[in-house]
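Open the model in your viewer and keep the selection tool at hand. The stops below can be followed in order.

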Amino acid sequence: MAGHERTHGHTGRRPTRLGAARDARRRPGPIAFVFAGGAALASIQVGMLRALLGAGVVPDLITGTSSGALNGAMLAADPGRALGRLEAVWTTVGRAQILPMRPLTLVRAVTGRSPSIAPSTGLRRVLEQHLPVDRLEDTTVPIHVVAADTATREKVVLSSGNAIDALVASTAIPGIYPPVAIGGRLLVDGGLAEDPPLGTAIERGATTVYLLPVGWPLGPAPVRGTLVRALDALDWLFWSAASAHLERWAPECDLFVLPSPPITALHPLSTRAAGRLIADAERMAREWLPSARPWAGAAAGMDAAAGS
């Protein structure tokens, strides 16, 4: 796979592996936190992090795609202060700040004279204000950001270099934000190449993975509301691809998929529900942690979601 690689020293902390005393078969080796994409609803992952870190579970490495990469990078940069920074970002930054759609830009995009409906300047400003490192290799915990190459349609893993450029590239939804030029390539949203970035974590040595999803496994599909059903159909399509990805990599690690609050009827580009989603995700994760077991397959995940 194409990418910018680096080596990184250990954080110096001994990670906690939940249930290790109960299950002597648990594999030794590095723990990874894997952050799936989720647009503006990735605030859910902040609640999950509250529960994981509160239980003493810490990562040896982090991978992230799209908006999940933003959360992962903030945690990797300064684990001790990440929760406060992340909650501040998700609960105070509005859509107009990160997606400023100006009439002239919108007209240019519709007529084919602009590559996107919004510039990435707003997102860059938010990252400049809140991300405490300039380069990916300077984080406390190794971080691997996934983007997609527009020329080859392949995954690109960014582990070093300008942190803000990498994060803006990983979140550059085609048509919404412009692509980002890094290393002679035009990069866009990593969700097009690998979401969740589970394979990236395992390829870098992870043997235990905590996957932080956004809104899935899915529950029953809605039967009313045109827009709600349309958005759910996109989530359904994504989950079909993601579940196959999990099935591919799950046998190579101990994979723990945290439960997520449902996102049906929530606008994917709005942060208005962030406070509630963070609280709900934390509650669900704390209830799940004491009896957490490795991933048992997509069908089991769907059954659990339907019963929650």
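Contact here means heavy atoms within 4.5 Å. This is a predicted model, in which local features need pLDDT of at least 70, side-chain atom pairs count only at pLDDT 80 or more, and totals for chains, interfaces and linings use all residues. Residues are numbered from 1 along each chain as its sequence is written, and side-chain values use heavy atoms, with hydrogens and water left out.

Select Thr63 to begin; this residue belongs to strand β3 (residues 61-65). Strands (E, at least two residues) and helices (H or I, at least four) are DSSP runs numbered from the N terminus. Thr63 has 0% relative accessibility and therefore counts as buried; the term means under 20% relative accessible area, with exposed over 50% and partly exposed in between (1.4 Å probe, protein chains only). Setting aside neighbours within four places in sequence, show the contacts of Thr63: Phe33, Val34, Phe35, His144, Pro197, Thr200 and Ala201. A polar atom of the Thr63 side chain lies 3.1 Å from the backbone oxygen of Pro197.

Next, select helix α2 (residues 67-77) and helix α3 (residues 82-92), which pack at an angle of about 145° with axes 8 Å apart. Axes are lines fitted to C-alpha atoms, for helices over the stretch in contact, and angles run from 0 to 180 degrees between N-to-C directions. Show Ser67, Leu70, Asn71, Met74 and Leu75 in α2; they meet Ala82, Arg85, Leu86, Val89 and Trp90 in α3.

Move to helix α1 (residues 44-54) and helix α10 (residues 274-288), whose axes come within 7 Å and cross at roughly 40°. On the α1 side, pick Ile44, Val46, Gly47, Met48, Arg50 and Ala51, and on the α10 side Leu277, Ile278, Ala281, Glu282, Ala285 and Arg286.

Now select helix α6 (residues 121-130), where Gly122, Leu123, Val126, Leu127 and His130 are buried. Look down the axis of α6: the buried residues fall within an arc of 135°, so they line one face of the helix. The arc is that of the directions from the helix axis to the C-beta atoms. Glu128 and Gln129, on the other side of α6, are exposed.

Finish at helix α7 (residues 163-170), which is largely enclosed by the rest of the structure because seven of its eight residues are buried. These are Ala163, Ile164, Ala166, Leu167, Val168, Ala169 and Ser170. At the start of α7, zoom in on Asn162, where a side-chain oxygen comes within 3.1 Å of the backbone nitrogen of Ile164.

Conventions:
A polar contact is a pair of N or O atoms within 3.5 Å; within protein, one must be able to donate a hydrogen and the other to accept it, and residues adjacent in sequence count only if both atoms are side-chain atoms.
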